[in-house]
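Please look over the sequence and the structure before starting.

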Amino acid sequence: MNSNKTSKKLWIFIPIAVVLCILALLLGNQKQKTISDTRFMLDTVVTVTLYDSNSSSILDGVFDLCQSYEDLLSRTKESSEIYQFNNRKTNEPFTLSDDTAELLEKGLYYSKLSNGAFDITIAPASSLWDFKAETPALPDEKQLKNAVKDIDYRNLHLDGNVLTSDDPRTQIDLGAIAKGFIADKMKEYLLEQGVQSAIINLGGNVLCVGEKPVSILEQTKQKLGFSKEDKSAFLIGLQKPFESHQEVVGTLNIHDLSVVSSGIYERYFRVDGTLYHHILNPKTGYPYNNHLLAVTILSDKSVDGDALSTVTFSLGLEEGTKLIESLPNTYAAFITEDGTLHYTKGFEQFLKK
């Protein structure tokens with residue numbers, strides 16, 4: 001009786017095993033269409049990987065697009081619209097391109113949402129800090145106090161593509177939001193080119209396009225219950241602050257989402273034992289000191305994640321959590337200075353078990 005049952009089970013599994021073997025043989029020699037390139041742009045290391053295309057022309061095209069947006073939005077490039085506005089000779093209305101106006105509108109929205117804790121007119125203060133200097137030094141205190149007087153997003157008024165300012169000394173810095181905007185534009189380009197699976201990595205901004213291609217063999221194994229692992233998810237690591245990129249505090253399973261992290265470990269220096277980082281308080285011109293090491297935002301659009309990573313860091317753990325939990329399809333993880341991870345509702349569903 002028992003032997004009959006055993007033989008029946010074997011007859012059930014033998015065809016399945018044969019199918020899997022055949023699929024493995026058929027697919028074993030297939031080469032995945034994958035191409036990747038890394039270049040230094042946007043003052044960071046930019047890597048783009050295409051998983052369903054090996055077209056070098058598409059890859060070159062997406063990097064060319066990235067460069068064009070850097071030329072348009074940079075605070076330091078003399079040809080950029082932001083540089084030209086910041087160094088205008090008069091306070092006459094300034095006409096922006098469609099892209100710059102679109103990004104500026106986002107920046108003003110998040111400046112208002114945070115009640116100025118995040119402020120795109122931070123340039124008078126941020127330009128006084130040099131986090132890349134060989135011998136770092138604090139800005140002159142008097143200069144910084146004077147600079148703060150000219151920081152107020154409410155002085156800017158955007159009407160279509162026309163930008164005006166109540167204060168002729170108003171200057172713009174889109175560094176806390178531009179990379180996310182550019183990543184979204186790069187994704188749009190890839191989709192237009194027929195790419196459905198890719199990763200765009202602009203330093204701390206990672207934008208996943210679609211999901212990883214999964215072989216027929218893996219699909220079959222999952223359908224038959226032989227594998228429960230989600231092989232179609234992109235695995236994105238949460239970097240451990242002040243450690244190498246290889247050291248992570250967690251790994252995320254991501255499908256077609258943006259992952260943006262901001263932290264004090266990205267750009268900083270120490271003077272007399274005190275750490276000074278690049279996330280500045282518009283009210284003082286000095287770095288925020290709110291017991292946070294890093295914030296990671298998951299969102300549909302990278303421009304939103306980029307802005308919100310700075311906004312929530314500026315607001316701190318409690319207020320930042322409240323803000324994120326009030327927004328749809330948006331999640332956050334905070335790392336406090338004691339190394340503890342704090343999640344907003346729903347974030348843990350993305351953590352790899």
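**Exercise 1. Find which residues Glu337 is in contact with, leaving aside its neighbours within four places in sequence.**

Solution. Taking contact to mean heavy atoms within 4.5 Å, and leaving aside neighbours within four places in sequence, one finds Glu337 in contact with His291 and Leu293. Finally, compare sequence and space: Glu337 and His291 are 46 residues apart in sequence, yet their C-alpha atoms are 5.3 Å apart.

Two remarks on the basis of these values apply throughout. The model is predicted, so local features need pLDDT of at least 70 and side-chain atom pairs count only at pLDDT 80 or more, while totals for chains, interfaces and linings use all residues. Residues are numbered from 1 along each chain as its sequence is written, and side-chain values use heavy atoms, with hydrogens and water left out.

**Exercise 2. Describe how helix 7 is set against helix 9, and which residues make the contact.**

Solution. Two packed helices are described by the angle between their axes and the distance between the axes. Axes here are lines fitted to C-alpha atoms, for helices over the stretch in contact, and angles run from 0 to 180 degrees between N-to-C directions. For helix 7 (residues 178-192) and helix 9 (residues 302-315), the axes come within 7 Å and cross at roughly 165°. This makes helix 7 roughly antiparallel to helix 9, given that angles under 35 degrees count as roughly parallel, over 145 as roughly antiparallel, 65 to 115 as roughly perpendicular and the rest as oblique. On the side of helix 7 the contact is made by Ala178, Lys179, Gly180, Phe181, Ala183 and Asp184, and on the side of helix 9 by Ser302, Val303 and Asp306. Sorted by class, these residues are four nonpolar, two polar and three charged, where Ala, Val, Leu, Ile, Met, Phe, Trp, Tyr, Cys and Pro count as nonpolar, Asp, Glu, Lys and Arg as charged, and the others, Gly among them, as polar.

**Exercise 3. Repeat the analysis for helix 9 with helix 10, and for helix 2 with helix 7.**

Solution. The axes of helix 9 and helix 10 (residues 317-325) come within 6 Å and cross at roughly 140°, and the two helices are therefore oblique to each other. Leu308, Val311, Thr312 and Leu315 of helix 9 meet Leu317, Glu319, Gly320, Leu323 and Ile324 of helix 10, a contact with six nonpolar, two polar and one charged residues.

For helix 2 (residues 56-73) and helix 7, the axes come within 10 Å and cross at roughly 150°, which makes helix 2 roughly antiparallel to helix 7. The residues in this contact include Leu65 and Tyr69 of helix 2 and Phe181 and Met186 of helix 7, and its classes come to twelve nonpolar, two polar and two charged residues.

**Exercise 4. Characterise the lining of the largest cavity.**

Solution. On a 1 Å grid over the protein atoms alone, a cavity is a set of points where a 1.4 Å probe fits but cannot get out, and lining residues have an atom within 4 Å of a point. Grid points are joined across faces, edges and corners, and a volume is the space filled by probe spheres set on the points. The count comes to one cavity of 30 Å³ or more, and about 70 Å³ of space lies in the largest cavity. Its lining includes Leu238, Tyr265 and Ala333. Strand 8 (234-239), strand 13 (292-299) and strand 14 (331-336) each supply at least two lining residues, and the largest share, three residues, comes from strand 13. By class, this lining has eight nonpolar, three polar and no charged residues.

Technical notes: On a 1 Å grid over the protein atoms alone, a cavity is a set of points where a 1.4 Å probe fits but cannot get out, and a pocket is an open set with protein on both sides within 12 Å along at least five of seven lines; lining residues have an atom within 4 Å of a point. Helices (H or I, at least four residues) and strands (E, at least two) are DSSP runs, numbered from the N terminus.
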